Amino acid sequence: MEINYLKIKRAESYMYGGDQALFGKRSLRSGCGMIAACDMILYMAGKRSIGFTEYADIVSRFRDNEAYRRTSNPLGIFPGRLVKLINRHITGAEVRFLSRRRFSRESLEKFIRESLRSGFPVIVRIGFDRKKLPYKITYPVRKGEIRSGKTHWHYITVTGISESGALTFSSWGGIGNADCGELYGHFGITGGVIADSSVKLPEKN
């Protein structure tokens, strides 16, 4: 199951969502939440494809007027504030943050599947976790370059899930892949999800 997520046109290829590394020092190390919020806002407004010049203008204004107006956010934007920023700019829906404590391994997969079935991507906050979440990511704009690694203290936007629980996500302008069970195991401290409030939270198994 995949939703048609935001593609940002660059030259003859595209980015799969934004990349904080393109928007200056203030957002280089801690701008993943800002990018996830901007992409979600554009998606909820019906955007599925946008030129990079237009996208960069939107993100720069959001960075200067909303996300980084008063602070450099060295630890990133905390979920509660990110929820407020997103809800300020969308209509007809409302997002909320659900901490990892609200889920079991099985209910997380069910929740993501139901959200995507309803047409809503799921922003995931991966908190502090010593072992970190393993992932693989493909960059269409870099001629299909593939990179593997591990991450924590990071926001990703889940846009797809397979029958086996393999996730597709947007991060750093690329198409990421990770396992939903692994994600649950590496949610880390302060981890959780930001999703549309209309998606019912399943009971823990």
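Modeller: The second largest pocket has a volume of about 160 Å³, in a model that is predicted. Its lining consists of C38, I41, L42, I58, R61, F62, N65, E66 and H89. Sorted by class, five of these lining residues are nonpolar, two are polar and two are charged. Two helices, α2 (32-44) and α3, each supply at least two residues of the lining. The most comes from α3, which gives five residues.

Helix α3 covers residues 52-67 and also lies across the strands β1, β2 and β3. Relative to β3, helix α3 runs at about 90 degrees. These three strands form an open sheet in the order β2-β1-β3, and their pairing is mixed. At the edges are β2 (13-16) and β3 (49-51), each of which pairs on one side only. From one strand to the next, the twist averages 35 degrees.

In general, the strands of a sheet pair through backbone hydrogen bonds, in either a parallel or an antiparallel sense. Here β1 (residues 7-10) and β3 pair in the parallel sense, over three bridges. Within this part of the sheet, K9 stands opposite G51 in β3.

Methods. Residues numbered from 1 in each chain as written. Predicted model: local features only at pLDDT ≥ 70, side-chain atom pairs only at ≥ 80, totals over all residues. Heavy atoms only, no water. Pairing = 2+ DSSP bridges. Helix = DSSP H or I, 4+ residues; strand = E, 2+ residues; numbered from the N terminus. Axes fitted to C-alpha atoms, helices over the stretch in contact; angles between N-to-C directions. Contact = heavy atoms within 4.5 Å. 1 Å grid on protein atoms, 1.4 Å probe; cavity = no way out; pocket = protein on both sides within 12 Å on 5 of 7 lines; lining within 4 Å. Points joined across faces, edges and corners; volume = space filled by probe spheres on them. Nonpolar A, V, L, I, M, F, W, Y, C, P; charged D, E, K, R; others polar.
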